[in-house]
Number of protein chains: 2
Amino acid sequence: MTLLTNARILTVDPQMREIANGWIHIKDGVISALGEGAAPADVASSANDVLDMGGDLIMPGMVNTHCHLAMTLFRGLGEDIDDRLYRYILPLERDCVTAPVVAAGSRLAALEMIRGGVTTVADMYYFEAEVGRAIAQSGMRGIVGQTLGDFDAPDHDTFDEAFALTDALVEEFDGHPLVIASIAPHAPYSTGIKIMARVAAWAEAHPKNPVQMHLAESDAEMAWCAEHHNARPVEVVARAGLLRPGLIAAHCLHINEAEAAELAGHGVGVAHNARSNGKAGRGIAPIEMMRAAGVTVGIATDGAMSGNTLDLFAQLAPASMFQKILGHSRSVLPARQLIRMATIEGARVLGMGDQIGSLEPGKSADLIRIALDDPRVQPIYDIYSTLVFALNASDVRATMVAGQWLMRGREVHTLDQARVVAEAIQVAGDFNRRIEALDRSMT
Amino acid sequence: MTLLTNARILTVDPQMREIANGWIHIKDGVISALGEGAAPADVASSANDVLDMGGDLIMPGMVNTHCHLAMTLFRGLGEDIDDRLYRYILPLERDCVTAPVVAAGSRLAALEMIRGGVTTVADMYYFEAEVGRAIAQSGMRGIVGQTLGDFDAPDHDTFDEAFALTDALVEEFDGHPLVIASIAPHAPYSTGIKIMARVAAWAEAHPKNPVQMHLAESDAEMAWCAEHHNARPVEVVARAGLLRPGLIAAHCLHINEAEAAELAGHGVGVAHNARSNGKAGRGIAPIEMMRAAGVTVGIATDGAMSGNTLDLFAQLAPASMFQKILGHSRSVLPARQLIRMATIEGARVLGMGDQIGSLEPGKSADLIRIALDDPRVQPIYDIYSTLVFALNASDVRATMVAGQWLMRGREVHTLDQARVVAEAIQVAGDFNRRIEALDRSMT
């Protein structure tokens with residue numbers, strides 16, 4: 001039993017209760033009680049590990065609702081090049097992405113997220129069992145989605161093979177305390193209506209395993225849906241029967257008010273990737289409109305190929321500014337709402353709202369400790385504003401999932417940092433040699 | 001004489017030369033030579049201080065082209081409130097902003113910037129001698145501008161008084177190696193054409209002292225210029241004769257192509273405040289269009305009341321994404337251009353392009369050392385992309401201005417961090433009490 005004392009606590013509970021100085025008691029990985037001031041004598045005496053937080057902030061661990069962990073290995077590759085997907089990424093995935101590469105990239109990603117205060121992540125990629133194993137090793141919580149697509153994916157040639165990989169994934173992680181298997185049709189244009197309908201049937205038979213998908217992300221997707229189905233992406237997915245509770249829809253940039261109502265009505269959650277969308281020049285997802293329509297929206301980093309960082313703090317200011325620009329007002333999407341989206345609302349998007357995302361008795365002890373003493377951070381008038389606009393990932397001092405410290409004093413316990421970084425640099429060397437060959441073949 | 005060895009060097013010189021592993025020799029605060037590999041024997045033997053950079057990155061110190069240092073004390077105050085300027089900020093400035101308050105806020109700002117790799121800053125505020133003294137104490141390089149405005153400024157009641165303060169500022173910092181006095185008419189709507197014309201005459205008589213001004217920032221300014229002069233802000237300033245070399249124009253959000261050509265033709269530099277503009281919901285300044293028209297554009301943080309941080313790294317990704325969104329393409333404003341804007345082009349905006357902003361023999365040794373070993377940063381395919389999208393202020397390990405280390409090992413030598421932060425928190429307490437009184441008087 002662990003007792004954290006002398007902490008400034010943001011609960012992100014339904015009342016958004018803030019505790020200027022208080023304590024949290026953790027038993028069997030679960031928050032058993034928390035309160036203001038000093039812990040009651042019976043609570044204090046029951047704890048075998050009493051830790052003084054030195055006035056630091058304790059808040060729920062953050063939830064990254066859409067990521068491709070292994071793509072940390074592509075961070076900054078083909079930067080600023082419009083056709084980089086076809087020129088570099090797809091050839092590299094076909095030629096160089098293997099199970100060990102996915103494992104190496106996933107470890108790097110988990111390391112980065114733990115150091116940045118992310119405790120839960122939803123992933124979709126290939127060789128997904130490797131992603132699940134890396135997340136399990138890291139001690140993070142994760143949803144791991146086997147991707148299905150009609151391009152030459154590195155781990156399957158046919159959709160039948162992809163479904164078989166998904167079933168194996170479900171079997172491997174059945175009952176795992178931290179990792180949940182998921183199915184991830186890539187996008188309407190790369191999966192097609194028939195396969196999406198098959199995924200919907202699969203999902204019906206697997207109520208514990210969420211579905212993840214890119215949706216309404218790009219102009220090219222809009223054009224494909226118009227050409228092939230005379231419809232917009234949401235309508236295409238609806239026709240396949242895939243608009244359902246448990247669907248995690250990433251991006252949702254091209255969404256109108258009727259579609260937002262439809263997503264809300266079907267209990268679809270949205271993963272908002274502000275930096276990824278912005279960096280690609282795609283535009284601004286209308287998340288404030290979607291939230292007003294009742295859609296639950298979480299914050300996401302996307303893969304580091306698209307957003308370059310798995311630092312969820314780095315998403316908050318852009319996500320806020322984008323909506324203020326769209327709404328032409330400083331008051332749109334206040335800072336506290338962004339912290340809700342990065343924690344409890346993200347948890348709801350992943351179907352975990354009853355288990356994580358806020359600090360309340362009965363919830364898992366997934367929490368982070370943040371230093372507030374940097375000159376960059378002071379003074380503090382509004383702690384939510386501080387978190388959104390002034391803090392950065394390096395201010396996270398410790399990270400706990402299910403009562404286990406994954407990092408303390410900025411030292412990650414579950415992964416060997418030097419080795420993980422060295423592995424990643426080695427893989428990048430292989431990628432670079434392949435890129436040089438690709439560039440030569442084009443000239 | 002100092003010799004830095006084993007460094008990865010970004011020169012940001014006209015050829016954008018990069019040195020994978022090299023050395024920099026510094027004599028009397030000036031870069032005397034730099035090169036690849038090991039330093040030549042005569043260079044090495046002349047140095048009395050040889051420092052191994054351990055493969056870290058050395059690049060020019062960054063240039064913050066528009067700031068209000070003392071407003072760090074307002075960081076996050078009145079967040080998300082549309083009328084916060086009239087409701088909180090102006091009353092607080094009238095009632096609480098004194099010379100000691102400005103000194104305290106300026107020290108906090110200098111501390112934050114040194115720790116974030118900013119070596120030069122352009123400031124405009126009140127009690128500007130205090131700002132200049134704080135910058136001088138910190139060892140940074142700065143332009144300090146006495147603000148002139150027709151609202152109840154905290155340090156002057158009339159424009160005559162403001163001009164007198166400016167003259168005293170010029171006298172105090174005449175010949176100072178690091179601090180340059182400047183005059184800062186607040187904005188077209190708060191200064192008026194007659195005063196701007198008087199400023200233009202003053203500037204003509206003081207060729208070494210730049211002029212700073214907010215320009216074309218808000219809808220309200222557009223409306224004021226239309227109502228009073230049947231013109232847009234650039235035209236109003238032109239009529240006053242103030243469009244001239246040495247004018248540092250902050251924001252420039254409402255600029256059309258003809259106005260961009262006019263700014264370029266008159267040698268006006270622009271300070272781009274991406275986060276400040278975005279947070280206010282004002283929109284996106286068309287800096288890519290301005291650059292194409294020949295305008296020199298630097299990066300800026302604005303005051304922490306508006307942008308919440310003086311971390312120039314935190315400006316780079318938003319500045320990039322905003323232009324990519326405007327241009328609807330990933331290829332707009334490549335990462336390397338942002339690094340140029342944050343260094344050499346910012347230096348040119350401030351009229352210091354021959355002295356700082358790049359690492360070249362004969363230039364001042366204003367440079368920063370950056371660690372690249374964080375998992376968040378690796379792998380690196382494109383160092384400019386890494387700087388813009390993956391690094392943060394906490395990765396800056398050391399900061400040097402004119403050959404003097406202001407920070408080493410993240411320890412600032414010129415300011416007492418604990419004391420500066422404590423002072424700032426104390427002032428914020430006074431502000432909070434005044435805010436409570438203001439809120440009571442409104443209800």
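Colleague: What covers the buried residues of α10(A)?

Modeller: The cover includes α9 (233-239), β11 (247-251), β12 (269-272) and α12 (287-292), which belong to chain A. Keep in mind as we go that this is a predicted model.

Colleague: Thanks! And which residues of α10(A) are the buried ones?

Modeller: In α10, residues 257-265 of chain A, they are Glu259(A), Ala260(A) and Leu263(A). Looking down the axis of α10(A), those buried residues fall within an arc of 105 degrees, so they line one face of the helix.

Colleague: Why would residues three or four places apart point the same way?

Modeller: Because an α-helix has 3.6 residues a turn.

Colleague: Got it. Which exposed residues sit on the face turned away from the buried side of α10(A)?

Modeller: That face carries Glu257(A), Ala258(A) and Gly265(A). Just after α10(A) comes Gly267(A), with a positive phi of about 70 degrees.

Colleague: Switching topic: is Lys363(A) buried or exposed?

Modeller: Lys363(A) counts as buried, because 22 other C-beta atoms lie within 10 Å and the cut-off for buried is 20 or more.

Colleague: Where is Lys363(A) placed, and what does Lys363(A) touch?

Modeller: You'll find Lys363(A) in the loop between α16 (344-349) and β14 (367-370) of chain A. Leaving out residues up to four places away in sequence, Lys363(A) touches Val30(A), Ile31(A), Gln355(A), Ile356(A) and Ser358(A). As for Asp155(A), 208 residues from Lys363(A) along the chain, the C-alpha atoms of the two are separated by 37 Å.

Colleague: Now for helix packing. At what angle do α3(A) and α18(A) pack?

Modeller: Helix α3 (residues 99-116) and helix α18 (residues 417-442), both of chain A, pack at about 130 degrees, and their axes are 9 Å apart. That angle makes α3(A) oblique to α18(A). Their crossing is left-handed.

Colleague: Which residues meet there?

Modeller: From α3(A) there are Val101(A), Ala104(A), Gly105(A), Arg107(A), Leu108(A) and Leu111(A), and they meet Gln417(A), Val420(A), Val421(A), Glu423(A), Ala424(A) and Val427(A) in α18(A). By class, this contact has eight nonpolar, two polar and two charged residues.

Colleague: Last one, about the two chains: how many residues of chain A are in contact with chain B?

Modeller: On chain A, 56 residues are in contact with 56 residues of chain B. The chain A side divides into 26 nonpolar, 17 polar and 13 charged residues.

Methods. Residues numbered from 1 in each chain as written. Chains lettered and ligands numbered in written order. Predicted model: local features only at pLDDT ≥ 70, side-chain atom pairs only at ≥ 80, totals over all residues. Axes fitted to C-alpha atoms, helices over the stretch in contact; angles between N-to-C directions. Helix = DSSP H or I, 4+ residues; strand = E, 2+ residues; numbered from the N terminus. Parallel < 35°, antiparallel > 145°, perpendicular 65-115°, else oblique. Left-handed = near helix turned anticlockwise from the far one by under 90°. Contact = placed C-beta atoms within 7 Å. Nonpolar A, V, L, I, M, F, W, Y, C, P; charged D, E, K, R; others polar. Buried ≥ 20, exposed ≤ 12 C-beta atoms within 10 Å, placed from the backbone. Arc of directions from axis to C-beta.
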